[in-house]
Amino acid sequence: MIEHSLSLCYRNKLILAPMVRVGTLPMRLLALDYGADIVYCEELIDLKMLQCKRVVNEVLSTVDFVAPDDRVVFRTCEREQSKVVFQMGTSDAERALAVARLVENDVAGIDVNMGCPKEYSTKGGMGAALLSDPDKIEKILSTLVKGTRRPVTCKIRILPSLEDTLSLVKRIERTGIAAVTVHGRKREERPQHPVSCEAIKAIAETLSIPVIANGGSHDHIQKYLDIEDFRQATAASSVMVARAAMWNPSIFLKEGLRPLEEVMQKYIRYAVHYENHYTNTKYCLCQMLREQLESPQGRLLHAAQSSQEICEAFGLGAFYEETTRELNARRAELLARTPETAGEPAEDTSDVIKMAVKFDRRAYSPQITPKMCLLEWCRKEKLAQPVYDTVQRPLDRLFCSVVTVAEQKYQSTLWDKSKKLAEQAAAIVCLRSRGLPEGRLGEESPSWHKRKREATDQDPEGPRAQEQAVPGELCKKLFVALGSGEESPLEGW
C-alpha cells in the first residue's frame, strides 16, 4: 500500500455503515461498485488490533492485519484505500492512537464507535457506554485528532434529552473531528422504534462540521430515492445506510435495485477472490436472502460447509475451481521467485537436524502427542523444557517450527497449515532422532504414561479414569486445540 495524504470529505456522501460480520472486504467492494462513496469496516476492538501484525499479501494483493492465531482480523486493498474508514471499539485514548497509527497508511479515515448498545461493544466501557463519560470521549477524540494523519470521526446515539445531546455534540466538535455520525435512536431503543429525524436535524443545525444521518433503514429507506428524502428530513450532510444495504447493497445505485440473484453472485465472486472465510460469506448471503431462506437455494446455502459448496449452490462451481487454480498458481510462482525470503526459520540451519515429517493426528492417541512425549522426557532427564521457534511464510501462510532440546535444534522440512501442527512435527523430528517413543498408535507406551495409567487404575474415580471413559470427546478436544483452521466471524457494528 502506498502512503497518501488524502483528506476524506464527508459532505454529500452515500455511506455504507459499520455492521457486525457484514462490513468485511467483499461487502465493502460491492457497495462501492453500486455507488457508495465511503465504506466503513465493522467495529474492531483496540486490544484485538494491537495484537495484529501487518502483512502484505502478495497473492491476493491485499494488506492483512493478522492475529497471533493466524486469523485475518482486517483485510483491505488498494481499490478501497481512499474510501474505507476504519472503525474501532475503544475506551482508552492511548490504545486508540496506537491502533490508528497501525492502520493509518492503509485507510482513508478513523472512526470511534460510541453508539453500539450491544454487550460485546459496551463491555469495558466501549460503544454506547462512552456516551455517559464525555470527558473520556473528549480525551479519545482529541488524542486521535492530534496524533494521526487521517480524518477522525465518531458515531453516536442520541441521549435521553435533546439538551444533553446538543451539549455533547458541541463538545465533540471542539475536539477537531471531521464529522459526526448520529444514529437517531437512544441507547435502549432498537430498530422497531422510530428514528428521530428531528433530533438529527437539531444536531445538524447546531454544528458546523458534517453530520451523517443514520438509522433510517426500517422506516425510511427502501430504495435509492429514499436516501435523499431521509437526508432532507434530517438536514444532514450525508446519509449512512446499514440494514437496507445489508439486504441489498445495490440500494446505492441511482438506476434502482438490481435483482438479488445478481447481487449475491457478484458478492460471492468477491468473497472467493479475496478468500473470505466461508462462515462469514454464508452469514452475509443469509442476510440478503431473508424470507427466501426456505427456498431450494436457501436450503442449499444453509447446508453449505465450504466456499466451494456455497459457489455450487449459486451455479458458480466452475468459477470457484478456476479462481482457486489461479490463486494457487500465483502462490507457487511467488514462492519459486523468492525462496530466500520465503520465511525460513533461521539464517544458518547447518546445525539443525532435519527430517521431512508431518504430524498426522489420526496416527496418534488422543491422550498423547509428540510434544507431550518430548516434554515428559526432558523432565525425566532433568533438561530444560523444549523451546519452539515458529515462523510463518507470508506467501502461502504456512508454518515451520524449530525446537531446541539440550542445545540441539530439530526441524521438519515440511511446512504446515498451523503453528501447533508445525510444532508437533518438530517434536517428532527430535524424538525420532533420539530413538524415543512419540505416542503413535500401536507404539509401546513410554514409562511415564504407564505410571499415570497405573495410578488411574488404583483410583477409578480419578479424572484420568473419566477421560479414558470418553475417548471420542478427548479426541475431539485435542483436534480443536490443535486448530481446525476455521475462524470465527469478525466482530463489528
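**Close-up views of a predicted model**

View 1. Three strands form an open sheet in the order β4-β5-β6, and their pairing is antiparallel. The edges are formed by β4 (53-57) and β6 (72-77), each of which pairs on one side only. Averaged over the sheet, and with direction ignored, neighbouring strands are turned by 20° against each other. Between β4 and β5, the latter covering residues 62-66, the antiparallel pairing extends over five bridges, and within this pair Arg54 stands opposite Phe65 of β5. Helix α1, made up of residues 25-33, packs on the sheet and touches β5 and β6, with its direction making about 30° with that of β6.

View 2. Strands of a sheet pair through backbone hydrogen bonds, in either a parallel or an antiparallel arrangement. In this view, strand β10 (residues 179-183) runs parallel to β11 and is joined to it by four bridges, with Val182 standing opposite Ala213 in β11. Together with helix α7 (residues 197-206), β10 and β11 make a right-handed β-α-β unit. On from there, β11 pairs with strand β12 (residues 238-241), again in the parallel sense, over three bridges, and the bridge partner of Ile212 in β12 is Ser238. The chain passes from β11 to β12 through helix α8 (residues 224-234), and this β-α-β crossover is right-handed.

**View 3. The two faces of strand β11.** Here the side chains of strand β11, which spans residues 211-214, are followed one by one: Val211 and Ala213 point one way, whereas Ile212 and Asn214 point the other way, and all of them are buried.

View 4. Asn248 is placed in the loop between α9 (243-247) and α10 (260-273). With a relative accessibility of 10%, Asn248 counts as buried, because the limit for that term is under 20%. The side chain of Asn248 is joined to that of Ser250 by a polar contact of 2.5 Å. When neighbours within four places in sequence are left aside, the residues in contact with Asn248 are Leu257, Arg258, Leu260 and Val263.

**View 5. Asp106 in the loop between α3 and β8.** Asp106 lies in the loop that runs between α3 (93-103) and β8 (109-114). At a relative accessibility of 0%, Asp106 counts as buried. The view also includes Cys77, which is 29 residues away from Asp106 along the chain, while the C-alpha atoms of the two residues are separated by 8.0 Å. Cys77 falls within the range of β6 (72-77), an edge strand of the sheet in View 2.

Definitions and conventions
Residues numbered from 1 in each chain as written. Predicted model: local features only at pLDDT ≥ 70, side-chain atom pairs only at ≥ 80, totals over all residues. Heavy atoms only, no water. Buried < 20%, exposed > 50% of the residue type's maximum accessible area, 1.4 Å probe, protein only. Polar contact = N/O pair within 3.5 Å; in protein donor to acceptor, adjacent residues only side chain to side chain. Contact = heavy atoms within 4.5 Å. Pairing = 2+ DSSP bridges. Axes fitted to C-alpha atoms, helices over the stretch in contact; angles between N-to-C directions. Right-handed = clockwise from strand over helix to strand, strands pointing away.
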